[in-house]
Amino acid sequence: MPPAQKILGRGIKNGSIDPYMKQDWKPPRKQIGKPSRSLPVRVWGLLLILVALMITFYWGPHSPQTIAPDPPACHSSSTNQRQASQNDGEAQPPLPPTPPAEPEHIFTREIVPGDNLSAIFARLEISQVALCQIMAADESLLALDILRPGNVLTFTLDEKTRQLVRMELFVDAGKRVIYHRIDETSFDYEEILIPGEWRQQVLSGEIHGSFYNSAISSGLSDQETVTITDTFKEQLNFTRDIQAGDQFQVVRSRQFVDGQLTGQSRVEGARIIRRHRLHSAFLFEDGNYYNEKGESLARSFLRYPFKSRPRVSSHFSRARRHPVTRRMSPHNGVDFSMPVGTPILAMGDGRVSRVENHPFAGRYLEIRHGGRFATRYLHLHRVLVKPGQSVRRGQHIALSGNTGRSTGPHLHFELHINERPVNPLTAEIPTLVSIPKNKRKQFNQRVAELLAVMEQPENKIALR
Ligand SMILES: [Zn+2]
């Protein structure tokens, strides 16, 4: 098995992710029992702004499938109390009992429906200040926003001081994130991805009732089915054009690590066989779907998610080494300086996968575009779309802002391909309408491979 990829990131303070954010943000010391006699006026001003922001954005929309971490109160104890009382109700499912074998300074908690990070920290008597420091480290990864039932958190405390020194998030067998304490005020993160093994499988069926239900009964997941309907939506109206008895065939790959499904999958090819027509989609290495002639099925992407072309105030950087700590500090997106309220447009057709409020990333939005692309828009003033909503390329989705840990109005924009951030200014994005000549041979070979799988006797379905 290939070695796990490790991606290091730096949290708060000097290694802060945005150059805009180089201000020395420090959490209030009050809660960890240190004297806070004479806070300078500037700090109080910042605290007031943070309180106002938290109050404004606390009740924002959350993606329905995920467990919102509840923005931790990184500024005051009053909000802590509100969260605690809210979460101490009888409706809260009990946390699993600590197994006796666990050492006294290590705690493991499996996420259950209704959990949130603030409440888990409170129950374990770990300070909300530590939570804020971890959220700061998570700003460039945003892994803690999408906690789901079954994810596991492991907390390691210092045996003497009882201070949190490490928190591990187990997402699935292929993905873990470890947050390490660096010093009194900050954590960094390490993302461990295990490539595992991708196993291919052909699923097929006849359509009776809706395509969606028929696809689900054949064994496809909700996400895979949505990818297929999104891929074909420019040419096929699934409610009007499909008739009972039409057929479909899908090649999908799922990731396994140590024989265990991780939940990661991709649709590599799909065919819909209607009475008089055949529609095909083949996933190419650029992450886009094409028909057998090599014509793109999705409309191309915009290069920039806005109309004008604002100034780049900070570039994408995968491995910027911090001069003092010598740690790697990625900047996973590009910052565009723009006034608050600038219209933000969807880069491409897609579906809104997250609308969240993060104490450091601010109000942000994530859109998934087909199988392998996602875009993120951070520090927004307002979001104009809802989780689950379909959006079209160029659609006005948000207003830029200055929320979260941001000292100047700007848009932090990220492009992800295969769950990895890439430089949106230089990445190969689907701006093409068809496969270029120099990739043609490679594409044809890919189509031939997928067709061979689909045409194997046990998978073959007859064209009527
Ligand atoms: Zn940024």
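**Strand pairing and helix packing in a predicted model**

Strand 4 (residues 164-172) and strand 5 (residues 175-183) pair in the antiparallel sense over six bridges. Strands are DSSP runs of E with at least two residues, helices are DSSP runs of H or I with at least four residues, and both are numbered from the N terminus. Two strands are said to pair if DSSP finds at least two bridges between them. The model is a predicted one, in which local features need pLDDT of at least 70 and side-chain atom pairs count only at pLDDT 80 or more, while totals for chains, interfaces and linings use all residues. Residues are numbered from 1 along each chain as its sequence is written.

The chain contains seven helices and 23 strands. Of its 464 residues, 38% count as buried. A residue is buried if 20 or more other C-beta atoms lie within 10 Å of its own, exposed if 12 or fewer do, and partly exposed in between, with C-beta atoms placed from the backbone. Among contacts between residues at least 6 apart in sequence, 67% join residues at least 24 apart. A contact requires that the C-beta atoms of two residues, placed from the backbone, lie within 7 Å.

Strand 4 and strand 5 form a hairpin with two residues between them. Within this pairing, F170 has R176 in strand 5 as its bridge partner. I182 is also found in strand 5. I182 is partly exposed, because 19 other C-beta atoms lie within 10 Å. The C-alpha atoms of I182 and R166 are separated by 9.6 Å, and the two residues are 16 apart along the chain.

Strand 4 also pairs with strand 3 (residues 152-157), in the antiparallel sense and over six bridges. Here M167 of strand 4 is the bridge partner of F155. The hairpin of strand 3 and strand 4 has six residues between the strands. R162 is located in the loop between these two strands. Its phi is near 60°, a positive value in a residue other than glycine. Most residues other than glycine have a negative phi. R162 is partly exposed, because 13 other C-beta atoms lie within 10 Å.

A positive phi also occurs at E419, where the value is near 70° and the residue is again not glycine. E419 is found in the loop between strand 22 (410-417) and strand 23 (420-422). With 10 other C-beta atoms within 10 Å, E419 is exposed.

An open sheet of five strands has the order 7-8-9-10-11, with antiparallel pairing. Strand 7 (197-206) and strand 11 stand at its edges, each with a single partner strand, so one side of each has no neighbour in the sheet. Strand 8 and strand 9 pair over ten bridges in the antiparallel sense. In this pair, Q247 has I273 of strand 9 as its bridge partner.

Helix 6 (residues 222-232) has the buried residues E224, T225, T227, I228, D230, T231 and F232. Helix 6 lies across strand 8, strand 9, strand 10 and strand 11, and runs at about 35° to strand 9. For such angles, axes are lines fitted to C-alpha atoms, for helices over the stretch in contact, and the angles run from 0 to 180 degrees between N-to-C directions. What covers the buried residues of helix 6 includes helix 5 (211-217), strand 8 (247-257), strand 9 (260-273), strand 10 (278-283), strand 11 (289-290) and strand 17 (350-358).
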